[in-house]
Amino acid sequence: MIARTRRAAAAFACALCLAFAPQRGAALDELQLSLDALQAPGWSSGPIQAQLHADAAGAIRLRVQARELVLPAPLQAVRTAMLECAAARAAGTAVHCPEARLTLELDGAQRISIAAVVDLDPGAGSLRVRAPRQSVAGGDLTLRLELLRGALTLDTRIDAMHASMLQAALAGALPIAASEGTISGDLTLQLAPASGTVHAALDVTGLGFSDAAGLHAGEDVDASLMLDARRRGAGWQFQAQAAMRAGTVFATPILLEATAQPLQARAEGEWIPGQRLRVAQIELSAPGVAAITGTLEAVLAPQPRLDALAFTLPRSDADALYRRYLRPFAGAGPVSDLTLSGDLSLALDWRAGAAAHAQLTLFDVDIGDAAGGFAVLGLDGALHWTRQRAVRPSRLAWEDLQIRSLAFGAGAMDAELDGRALRLLAPVQMPLLDGRVRLERLQARALGLAEQRVEADLSLTPVSLQRLSERLGWLPLTGSVSGDIPQLVYSADRLAVEGDIRMQLFGGRATLSGVQLEDPFGVVPRLRASARLHDIDLAVLTRALSFGSIEGRLEGRIDGLVLENWQPVAFDAALRTPEDDDSRHRISQRAVDNLASLGGANAVLSSTFLRFFEEFSYERLGLSCRLRAGVCEMGGVGPADRGYYIVKGGGLPPRVNVIGFNDRVDWATLLDRLRAVASSPGPVVR
Amino acid sequence: MRANWLLSVAGAVSLGACVTINVYFPAAAAERAADRIIDEVWGEQGAPKPAPASKGGVSSALQRGALAILDLLIPAASAQANIEIGSPAINSLKASMSARHRELAAYYASGAVGLTAQGLVALRDAKSVPLAERPRAAQLVAAENRDRNALYQAIAQANSHPEWEPDIRATFARRWIERAQPGWWYQSGGNWTQR
């Protein structure tokens, strides 16, 4: 490649020789030369044109123009270079231009014009450009350039130049436009075929920049950058430092603000262009977090990708770290609105496709999620995650765990995290109201993938349903729930109970089956379940609900229950007296009135003089409702002549029938009637 | 059988005019439902547009004409169907979107946020948002889209027709844009235009 340069230069030189040789015959006063292309190690050029004009007095005007230049950084934005000499002097093959003008055209139609002293000696393969301090692009520029047999030396200093010049240097590397600010700095380059050094120091003041979409932008940025690099074999050894003293930068989705504490970064390593980048030492300090140190390795071909990463974040404020640097990545998902307090530290040692280890240590951390109704307080401990390495047990302890309005008190957990799997090492016991919850087993696999699955087994010592329903704001229930909760499985965005939940309820039994919560962390969680009720003691039930007094037993079913945002939107329910129930069947006047009002204003007492009695007998009673699209299709224990029986009279007189006529009732209205019944002051005599 | 014959006559008329009509999706009721929800979410700030039918084109006039024929031939019950929008999920989503609109309104007006052709919103011009507010603007857009996606699905679920979700989304996409204030930006044919 050098040979090609030499040949081209030699051809050029010959032409000049002819031009400057002592005249032997016809005078040569105009010469034009053009080359189609020129190739050299590290740079190349498109068409080159040279024009020479000698006037009668012997002064020579020289004009050389090179287009379609491809130069190494930081000159990569230079597309066209034109050198004009008004009065050149020649000595042998050398040309001396004391008043040269070098005009450079950059990408983006910017143009710089520099006055310089140029010495060109194609025979010796040398070019020297010296530009004394002068005003360029709103600032001062001093430049010294030497090209000697393919070795380049560049020394340049700029002062208070407009920031748009920075864009020119970066053009192609980053698609951003610098709109305001000034740059000062110096750059020293020495490039030879087998060696090179670079020293650059840059300082910007009041920099404003932005990309086209506004996703990477800065305002009022005061920053400095220093780079030292030395060529070593096929690569460069470098040391770089950057600091942002003032201003704001938005690099989507993170906002960086240099406040009292500047942002600083330092890196040292080796870069083999097109192959590898190895940073042996990184130091980052940013507002709100302790200084991070680490190392990094990346492969650059065929696509840039991270090969290894190790870093340590010493103990830092968890809230500052979350709010500034983690939450912007959470979008609007489940972890996007947490409140944190306490400190944490993090260490990671990771290699692509190979062994990795991370440790997260928590120091008295509180995590709260107002939207999800969840809080953990006083978390302490260390989580160890490993992959392709010996597993290390993790231990976390907490002072309080709250879900909705239930408080689970203090607890501790020992677990193993291995790759994408998690395993609880010992049961976790937590108090719940007047009983205890034990997490017997917790296992997860494929975490983070679409096929992730979490399984848990819980057991309860008896927990009072009265206290539970009170705490959760449900209708008052009496009884208790205890025993083994069958396996809980979370997969495909659904939390399901595999099996039945049994509880003692209102003196009888209830069995919940097919309980599942869809989209539990989403915008609209949806609960589905079915239930069977056995042997419910109506006396206990009606007393708890202030419904009047009914004696007897009740059985029931609720199929296809769907709760959206914890409110019923569909179900198929039927409650009725069991077939073979031989308990006492009595119903008070108040209960009769309440049942009548539930069935709608059209329910009718079968005999008006019965209103003087406080208590009636019934043979059987029942009510059914099928809820769809806000409407309850109602029914009772059997058809009457018109309508359906809610209470069918029987047994010792006085007896009563309550008949309902409305078979379609608006659900919201029914709920209002239930609430009215629960809060009514006493019987209404009609 | 008679009803089928009537249906196929109507189908022939509309097909002859190169228009396909999904007889089973109550488009007019969906538009009315969408308008009600949009009014609640945008409050008085939503510009009251009088005509519910979408503007423009021979094809939509033919579509309206064909719908009118079908109204005559098909029993009244299905033609006057109303879309159910009273479920707890829908109410909760409306409340969340309406609260968020108080912050989003300024971004609609400045052009930073625009209405997309899929019934969602997008940060179309981050540059017009002050630098320090950009993370918040991006987060508002993400949260609004999460709610909108859940809303279209919730309406389909409330009517026991999960397969209606794409049609509901398309109806909303049109109506958000129709009811946008002058000066707000929206997507049309792949480009951003201003109302």
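# A guided tour of chains A and B

Begin by selecting strands E13 and E14 of chain A, which form a hairpin with 4 residues between them; A:Gly214, in the turn, has a positive phi of about 80 degrees. The model is predicted, so local features need pLDDT of at least 70 and side-chain atom pairs count only at pLDDT 80 or more, while totals for chains, interfaces and linings use all residues. Residues are numbered from 1 along each chain as its sequence is written, and chains are lettered from A and ligands numbered from 1 in the order in which they are written. Helices (H or I, at least four residues) and strands (E, at least two) are DSSP runs, numbered from the N terminus.

**Stop 1: paired strands of chain A**

Strand E13 (residues 195-211) pairs with E14(A) in the antiparallel sense over 11 bridges; two strands pair if DSSP finds at least two bridges between them. Select A:Thr197 and find its bridge partner in E14(A), A:Arg230.

Move to strands E10 (residues 139-148) and E11 (residues 151-162) of chain A, an antiparallel pair with 9 bridges. A:Leu147 has A:Leu152 in E11(A) as its bridge partner. The hairpin of E10(A) and E11(A) has 2 residues between the strands, and A:Arg149 in its turn shows a positive phi of about 45 degrees. E11(A) also pairs with strand E12 (residues 176-192) of chain A, in the antiparallel sense over 9 bridges; A:Leu154 stands opposite A:Leu189 in E12(A).

**Stop 2: A:Leu338**

Select A:Leu338, found in strand E21 (residues 338-351) of chain A. Is A:Leu338 buried or exposed? A:Leu338 counts as buried because it has 22 C-beta neighbours inside 10 Å. A residue is buried if 20 or more other C-beta atoms lie within 10 Å of its own, exposed if 12 or fewer, and partly exposed in between, with C-beta atoms placed from the backbone. Not counting residues up to four places away in sequence, A:Leu338 touches A:Tyr322, A:Ile367, A:Gly368 and A:Asp369. Two residues are in contact if their C-beta atoms, placed from the backbone, lie within 7 Å.

**Stop 3: where the chains meet**

Select both sides of the contact, to which chain A and chain B each give 22 residues. On the side of chain A, strands E14 (216-232), E15 (235-251) and E39 (567-576) each supply at least two residues.

**Stop 4: chain B and its core**

Chain B has 7 helices and 4 strands, and 33% of its 195 residues count as buried. Select the largest nonpolar core, which has 45 residues. Such a core is a set of buried Ala, Val, Leu, Ile, Met, Phe, Trp, Tyr and Cys residues joined through C-beta atoms within 7 Å. Among the residues with the most contacts inside this core are B:Ile90, B:Val113 and B:Ala154. H6(B) gives the largest share of the core, 11 residues.

Finish with helix H6 (residues 134-158) of chain B and B:Ser160, which follows it and has a positive phi, near 55 degrees.
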